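Have the sequence and the 3D view open, and take the points one at a time.

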Amino acid sequence: MGHIKLTNVAKSFGSIDVLHEINLEIADSEFVVFVGPSGCGKSTLLRIIAGLEKPTGGELAIDGKVVNSVPAADRGLAMVFQSYALYPHMSVRQNLAFGLENTKMPTAEITERIGEAARMLEIERYLDRRPGQLSGGQRQRVAIGRAIVRRPVAFLLDEPLSNLDAELRGSTRAEIAALHSRLSATMIYVTHDQVEAMTLADRIVVLRAGRIEQIGTPMELYNSPTNRFVAGFIGSPHMNFLEGTVESSSSGKAVATFAGGHRLDLPVDDASVATGSRVTLGVRPQHVSIGTGTEGISAKIKLVEALGSETIVHTDVAGQKILVVAPGQHDLAPGADIRLSLSAAPLHLFNEKGLRLEHAL
Amino acid sequence: MTADVPGRTGLSLSELAMVPVRLAMSFIDAPLRWVQKTFGLGGMATFFLLPNMLIFGIFVLLPFFINFAYSMTGGTALFLPDRSFVGTDQYARLFDCANYLDPNSCVEDTFWTAVGNTGWFVVLQVTLMIGFSLVTALILNRDLRARSFWRAVFFFPVLLSPVVVGLIWKWILQRQGLLNFGLFSFGFEPHVWLNDRTWSFAATVGVSIWAHMGFYTLIILAGLQAIPKDLYEAAEMDGTRTSRVFLRITLPLLMPNLLVVIVLVLIRAVQIFDEVYVLTGGGPGTSTLYLTQYIYETGFATQLRNPGLAAAASILMGVVLVVLTLLQLGLSRPSEKKGSRK
Amino acid sequence: MSRAVEFLFRRKGGKGWHWTDIVTWVWLVGGLFIMFGPAVWLVGSSFKSPAALAEFPPTILPYVTQKATVEAYDKPLDLYEVTLEDGSKATLAEVRRIGVVSQMVDPVKPGEIVKVNIANRTPVRQMSFAAENYTEPFTHFDFVRYLWNSVFVTVTATLITLVVNSMAAFALSKYEFRGRTFAMLLILATLMVPLSVIMVPLYSIVSVLGLFNNLWGVILPTVATPTGVFILRQYMLTIPDELIDAARMDKASEWQIYWRIILPLTAPALAVLAIFSVVWRWNDFLWPLIVLSRKELYTLQVGLSIYSGELNVQWHFILAMTVVTMIPVVLVFLFLQRFITTGIAGTGLK
């Protein structure tokens, strides 16, 4: 139930390739989130799984059966759309019943399933209203309800929270997580919001320009992004990057100088870091600390955003922007010179191509 | 959208009325599911398009193409296979004139009379129609009370059938009609308007303007209302004179809209038939005989009908209309307005 | 009434009168009379008896001369108010008229003929609505038949127009298929092929199909209107594709998507098309005139025009039937005018 496997799935519209050779296996009752910037092909990938788009190459299998030529309706999947796509001329009840009636299900069972879903989502009071008379959050529940009553093999959710306001988004996110553990069904969730991805997913698939950049659990992505793109995409605020040059490199040990004159020994595993090549050092804003004395990198404060619980400091290190998120409140003023310390920080290193360099820092 | 009462039970009347329709629709659904399964979405697209394309093909495209064949054949037989091929004789006959400036010197003198009448009609009617519609639209665009009432006043005749329009005016213009009564009360002699060549021609122009100007007024009015109000306010701040505001702001901004209207009026004027046929029947003599009536009478009505000649004449008229329509499409492309046809 | 006039004529803002204000009101009031006057005159005339219609100068309201049945005279005689030579007045009935002298009798004393100069008599008249103008055509002529034919053509053609055009519009707005642009262009091209250009070959095609002298011959050529496809397609393009995706995920067949999702959501555009179609088909003239040559098949428009073209035009019947023909369109105008005018302003369609 709900095991989905994609082998070399590709899609092109005319001469434009939207997806290249996607390989992905989704286990039963797994919560997988497709995340990426807009235009990365994540929605297209979801629609291919749904059967609303035909792949131009590769194979899609659900529970071991190749379904490339099976129409959307017969794949046993249910989808929650970004715009909810509720039928405006039908009542909530009719919206929920429509898909079941199409399968010639007995009326008694339809009523029972609708009742069950309505209780679960607390939309019983609205069953006889039209979608136009509901608030955004209520519509969103109905859209999920329409998927639930179908008892699908897997749920496909296409940016379901993007039309909600920030507050509602948070609570609905929690409800979707609860729903997943309750239904223990496979869910594939598309979003461009990495917070949703981090909080909901068992595994995250990061997509860019039609290719998978990395697949992994939220913490894997956070702690060891395989390339600069994933590093920059996951985590908020974005990871800081410092450009540097390798000064010397010899048998598993290299030394690089970064902006602001910061020198670092790089205990790199492979010897691919030649002398003179460029490397990028990545460090998350939360991991940079404001140093004392004369240790660390010298920086100039550009802007201070005090949020109370933490302080976000925008600094300039030899023309490169470095963001610092310091817990608590700090008495800092723009224009002042400070020292930034990376001593306690987990550091990420990327080579010229942006790929992660394994190291033992 | 109706406000459904929560917890409502039972069927509403409209739902009850839908029951047979629903049954019929689900009855159709089963075979169509098979079509969908066998031929896919492309097959369904064809299915949805087919009835329209079929009717359209049989009753519009096919006639359009065999019209050329008709124009190349002679005799009185109606069906194409029974007709003899004559090449371009029909066209030659239409253009056989001793003096191209004098319709009477032509073999088909009625055709040239109809062409001449239609030409004069188009020139006069289009000019006056645009003038009247523009003035009416400008007036309706003023800061008026009950604007929608006044707009309705001018729009009223648009919906009337041409036959009704023809009869209304035939009744008013006859010897004991309202017009003569009006003139009589001011001491003028009654006149039998529709027995007079000039006056009956004028009547066809006037009546067709009366019947259709409300329609064009509406389109021009829509164009006027699309002009941003702040432009007028800016002009007022600058102390611009009314006439100058019209010439420098209203007219240039209205131009795209107005051009479309002009071509629309032209296209309709070339095809004038219905109300004139009822009002004057083309008479007296041939003074209000227009092209469509010529084609109709040549093809159907006269004792010695000549469908080939009628087809040839209709193709010549078609050429004019195609040119005008292309002109309209070219003009309307920027403003995204569509043409119209009954 | 005066308050209504005051309301209509009061200038917003109450500033002084500019010459354009005078032009405006002259134009509007003139327009009111010219646009409505003829129709009102028609309706008024339709209630007059043939005798009243033949009068000149005509009266605004339908009057008839009163008649009296006088002993020894077969026909009822017209009554006149007469000023006698002695200056007294009397109501007398006219027996006959010779030159300027009218021979009259007193209805009370029928034996005695009184000669009166016609200058000294005026007819005794009273208002009377000639309802028989309306009832007679329905009982003695084929107008019920014509009315039925018109209703049948209008309703059937409109229903088919809605179904066929909405199906085509659905295909052209919601499916990607090869030849879609071609189909659109083809339909667009129809705008250039009006009836007056193709009537000869169309007539032969209709005849070959056995539809000559058949109401279906009037209906079918009109139902695939390009404008219909256009307004429906334009409207359907605004329906989000996600709804169709949702319905497909809900196991709806394409046909179900069409009639359970698309059609209900296109209702406003369908209503506009329906109204236009009713007006168009009700008013159609040239094509029914060509296709229908048997009297019992005439539509109202054809019947009316043929009757009015006859040598002995019975105007009292024609006028009454014209009013009947006007009624549906006037009803549409009264109730849906605002709807139609905004529709035209939005789409440039008639």
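1. Let's begin with a sheet in chain A of this predicted model. Six strands of chain A make an open sheet with mixed pairing, and their order is β6-β7-β8-β3-β9-β10. The edges are taken by β6 (77–80) and β10 (211–216) of chain A; each has a single partner strand, so one side of each is left without a neighbour in the sheet. From one strand to the next, the twist averages 20°.

2. Strand β9 (residues 203–208) of chain A is joined to β10(A) by 5 bridges, and the two run antiparallel. To place this pairing on the sequence, look for A:Arg208, whose bridge partner in β10(A) is A:Arg211.

3. Helix α4 (residues 136–148) of chain A lies across β6 and β7 (154–158) of chain A. Its direction is at about 175° to β6(A).

4. Chain A has another sheet worth a look. Here 4 strands form an open sheet in the order β2-β1-β4-β5 (chain A), with antiparallel pairing. β2 (16–26) and β5 (65–66) of chain A are the edge strands, and because each has a single partner strand, one side of each is left without a neighbour in the sheet. Between strand β1 (residues 4–13) of chain A and β2(A) there are 7 bridges, and these strands run antiparallel. Within this pair, A:Lys5 has A:Glu25 of β2(A) as its bridge partner.

5. Which residues touch the most other members of the largest nonpolar core? They are A:Val33, A:Leu156 and A:Ile188, in a core of 262 residues. Leaving out residues up to four places away in sequence, A:Val33 touches A:Tyr189, A:Thr191, A:Ala197, A:Leu200, A:Ala201, A:Ile204 and A:Val205. There is also a second, separate core of 10 residues, which includes C:Tyr80, C:Val82, C:Leu92 and C:Val105.

6. Next, the contact between chains B and C. Chain B brings 90 residues to this contact and chain C brings 89 residues. On the side of chain B that touches chain C, helix α1 (residues 13–71) of chain B gives the most, with 26 residues. That side of chain B has 61 nonpolar, 18 polar and 11 charged residues.

7. Chain C also touches chain A, through 14 residues from chain C and 17 residues from chain A. On the chain C side, the elements that give two or more residues are α10 (241–249) and α11 (254–265) of chain C. The most comes from α10(C), with 6 residues. By class, this side of chain C has 8 nonpolar, 1 polar and 5 charged residues.

8. Finally, a word on confidence. The model scores ipTM 0.80 and pTM 0.81. Chain C has an average pLDDT of 81, with 91% of the residues scoring at least 70. Confidence in chain C is lowest in helix α1 (residues 2–9) of chain C, at a mean of 55, and highest in helix α5 (residues 143–174) of chain C, at 92. For chain B the mean pLDDT is 82, and 92% of its residues reach 70 or more.

9. Over residues 1–10 of chain B, pLDDT stays under 50. Residues 335–342 of chain B also have pLDDT under 50. Where pLDDT is low, the predicted coordinates should not be read in detail.

Key. Residues numbered from 1 in each chain as written. Chains lettered and ligands numbered in written order. Predicted model: local features only at pLDDT ≥ 70, side-chain atom pairs only at ≥ 80, totals over all residues. Pairing = 2+ DSSP bridges. Axes fitted to C-alpha atoms, helices over the stretch in contact; angles between N-to-C directions. Contact = placed C-beta atoms within 7 Å. Nonpolar A, V, L, I, M, F, W, Y, C, P; charged D, E, K, R; others polar. Core = buried A, V, L, I, M, F, W, Y, C linked by C-beta atoms within 7 Å. Buried ≥ 20, exposed ≤ 12 C-beta atoms within 10 Å, placed from the backbone. pLDDT = per-residue confidence, 0-100.
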